[in-house]
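This report is for a reader new to the structure shown below. Please look over the sequence and the model before reading on.

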Amino acid sequence: MALPLLLGQLLALMGPGDAFYLEVRELEEKCFIQEIPDGTVVIGNYKTELYDPAMEKYQPSPQWINLFVFVKDPENKNLLARQYGPQGSFTFTSQSPGEHQICLHLESIRFALFYDGKLAIHLDMQLGERTNDYAEFAAKDKLTQLHLRVQQLVEQVELIQKEQEYQRWREERFRQTSESTNQRVLWWSILQTFILVATGVWQMQHLKSFFKAKKLV
């Protein structure tokens, strides 16, 4: 039992997840890039805060603050474009591997924000296996602790396999880019050599004609 437990702890430590803290103003858009394998569920848990100059600190945002979330995949296709409240979560599933662009901006449903419009966004991104609520699974399916742990390990292994496939895809793309660059460098070197040889031949012919005209040869 010690080996599976140790393996589970190691896999749990390897699970992906990112936390972000962003300071923005109304309508100011903040974007960041997240590398995500294909077929991966992503959940973003967030809360927003409004700066109160009287207390000189951020306070929970009122209900008239809205968060707009835009997600684009590596092919620049929209995966998510939706408006949310001041606190909650958003979800999307990646359709292709690569760099996904996630953009956020806050907007009030009033004409202007109070308190100079300074806001903060706390965002916790969870990918793959970390998005599952195992306590809910255990209660719904009446799983024992051992069965629940096995299910966690299986899903963590699947996540690692997806990550390995994504890394192989990145390596293949990098190899293709390197080969294409090397081929272009080779053809450019050949072109340079041809130009130098042609220039040398032309100079020799020109000098030969010049010397003949001057009756030096």
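The sections below cover the layout, the confidence, the nonpolar core and the surface.

## Layout

This is a predicted model. The protein chain holds 3 helices and 9 strands. Starting at the N terminus, the order of elements is α-β-β-β-β-β-β-β-β-β-α-α.

Of the contacts in the protein chain between residues at least 6 apart in sequence, 74% connect residues at least 24 apart.

## Confidence

The mean pLDDT of the protein chain is 78, and 78% of the residues reach at least 70. Among its elements, strand 6 (residues 78-84) has the highest mean pLDDT, 92, while helix 1 (residues 2-14) has the lowest, 38. Across residues 1-15 the pLDDT is below 50, and this stretch makes 15 contacts in the model beyond near neighbours in sequence. Where pLDDT is low, predicted coordinates should not be read in detail.

## Nonpolar core

The largest nonpolar core has 24 residues, and Val69, Phe90, Phe92 and Leu104 touch the most other members. At least two residues of this core come from each of several strands, including strand 1 (17-25), strand 5 (65-72) and strand 8 (98-108). Strand 9 gives the largest share, 5 residues.

Leaving aside residues up to four places away in sequence, Leu104 touches Leu22, Glu28, Glu29, Lys30, Phe32, Leu67, Phe68, Val69, Ile121 and Leu123. In soluble globular proteins, nonpolar side chains tend to be buried together.

## Burial and surface

The protein chain has 217 residues, of which 30% are buried. Its accessible surface is about 14,800 Å², and carbon and sulfur atoms account for 57% of that area.

Conventions:
Residues numbered from 1 in each chain as written. Predicted model: local features only at pLDDT ≥ 70, side-chain atom pairs only at ≥ 80, totals over all residues. Heavy atoms only, no water. pLDDT = per-residue confidence, 0-100. Helix = DSSP H or I, 4+ residues; strand = E, 2+ residues; numbered from the N terminus. Contact = heavy atoms within 4.5 Å. Core = buried A, V, L, I, M, F, W, Y, C linked by side-chain atoms within 4.5 Å. Buried < 20%, exposed > 50% of the residue type's maximum accessible area, 1.4 Å probe, protein only. Areas by Shrake-Rupley, 256 points an atom, 1.4 Å probe, with all protein chains shown as cover.
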